[in-house]
Amino acid sequence: SYEIPVDYESLEQEGTAGAEGGQEPNNGTNPAQNVRMATVSNEYYRLDGGNKINTDFLRLKFPIVGGRGALLADIPFNFYNLSTPVQGQVGGIGDLKFQLNYNLWTSENRRLTFLTMLEAYIPSADNILLTQIPDANQFAALSIGKGKFQLGPGMGFVYAIRPNFIV
């Protein structure tokens, strides 16, 4: 086997070179590009029985190992609109997720990357809703708070068909 040397510091600064050899800007959609990034997003779910979950996510990404890896943090802020009144808190921080990524191999044209990861969930969510509402299984299925530590390895390939079309 052989590894193609990649200048990860230049990738971190501006983007990645495309197959044509031109400089493509980093638009934040390629998980193989390890750049400093902060993202805010929202997910809204309507569940059976009239319950609703509105979750805002703060996602942070920090390059490590000279840009060849990254540390990611995912912080969910949950708000619940419940059809059944519940005493106590009806929202708050969900389970925290931390992930380490490392690019093991990148193709010469930098379109294909093999990466490994290790993710950990920290049980920080208030699970009062799981014990006090009739449709609690719907909330558990959406990972509101599992009440336990989780650690999971992973690996995958990222193929950049175009700078904004990633598989």
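## Exercises on a predicted model

K97 and E119 bring their side chains together in a salt bridge, with N and O 3.5 Å apart. The exercises below start from that pair; keep in mind that the model is predicted.

**Exercise 1. Find where K97 and E119 sit in the chain, and decide whether each is buried or partly exposed.**

Solution. 
- Step 1: Check K97. Its relative accessibility is 19%, and buried means under 20%, so K97 counts as buried.
- Step 2: Check E119. At 23% relative accessibility, E119 counts as partly exposed.
- Step 3: Recall the general idea: side chains of opposite charge can pair when their charged atoms come close.

**Exercise 2. How many salt bridges does a search of the whole structure find, and what does R59 do besides forming one with D74?**

Solution. 
- Step 1: Run the search over everything. You get 2 salt bridges.
- Step 2: Look at the one between D74 and R59. The closest N and O atoms are 3.3 Å apart.
- Step 3: D74 is in β5 (residues 69-81) and R59 is in β4, so the bridge ties together parts that are 15 residues apart in sequence.
- Step 4: Compare the surroundings. D74 has 15% relative accessibility and counts as buried, while R59, at 30%, is partly exposed.
- Step 5: Now pick up the other contact of R59. R59 lies over the face of F57, 4.4 Å from the ring centre.

**Exercise 3. Which rings make up the aromatic pair, and how are their planes arranged?**

Solution. 
- Step 1: Count first. The structure holds 1 aromatic pair.
- Step 2: Get the geometry. The ring centres of F114 and F157 are 5.0 Å apart and the planes meet at 45°, so you call the pair tilted.
- Step 3: Locate both rings. F114 is in strand β8 (residues 112-122) and F157 in strand β9 (residues 150-162), which makes this a link between distant parts of the chain, 43 residues apart.
- Step 4: Look at the accessible areas. F114 is buried, with a relative value of 18%; F157 is exposed, at 56%.

**Exercise 4. Work out where D95 sits and which backbone nitrogen lies 3.2 Å from a polar atom of its side chain.**

Solution. 
- Step 1: D95 is in the loop between β6 (91-93) and β7 (96-106).
- Step 2: Check its cover. With 9% relative accessibility, D95 counts as buried.
- Step 3: Find the neighbour. It's S124 whose backbone nitrogen lies 3.2 Å from a polar atom of the D95 side chain.

**Exercise 5. Name the residues of the nonpolar surface patch and the elements that give two or more of them.**

Solution. 
- Step 1: List the members: F62, I64, V65, L71, F98, L100, L118 and L151, with about 690 Å² of accessible area together.
- Step 2: Sort by element. β4 (52-64) and β7 are the ones that give two or more residues.
- Step 3: Zoom in on one member. L100 is found in strand β7, and its 42% relative accessibility makes it partly exposed.

**Exercise 6. How many helices and strands does the protein chain have, and in what order do they run?**

Solution. 
- Step 1: Count the elements. There are 3 helices and 10 strands.
- Step 2: Read them from the N terminus: α-β-β-β-β-β-β-β-β-α-α-β-β.
- Step 3: Of the chain's 167 residues, 35% count as buried.

Definitions and conventions. Residues are numbered from 1 along each chain as its sequence is written. This is a predicted model: local features need pLDDT of at least 70, side-chain atom pairs count only at pLDDT 80 or more; totals for chains, interfaces and linings use all residues. Side-chain values use heavy atoms; hydrogens and water are left out. Helices (H or I, at least four residues) and strands (E, at least two) are DSSP runs, numbered from the N terminus. Buried means under 20% relative accessible area, exposed over 50%, partly exposed in between (1.4 Å probe, protein chains only). A polar contact is a pair of N or O atoms within 3.5 Å; within protein, one must be able to donate a hydrogen and the other to accept it, and residues adjacent in sequence count only if both atoms are side-chain atoms. Rings of Phe, Tyr and Trp (its six-membered ring) pair if their centres lie within 6.5 Å; planes under 30 degrees apart count as stacked, over 60 as edge-to-face and the rest as tilted. A charge sits over a ring if NZ of Lys or CZ of Arg is within 6 Å of the ring centre and within 35 degrees of the ring normal. Patches are made of residues with over 30% relative accessible area and no salt bridge: like charges are joined within 9 Å, nonpolar side chains (Val, Leu, Ile, Met, Phe, Trp, Tyr) within 5 Å. Accessible areas come from the Shrake-Rupley method with a 1.4 Å probe; for residues, only the protein chains shown count as cover. A salt bridge is a side-chain nitrogen of Lys or Arg within 4 Å of a carboxyl oxygen of Asp or Glu.
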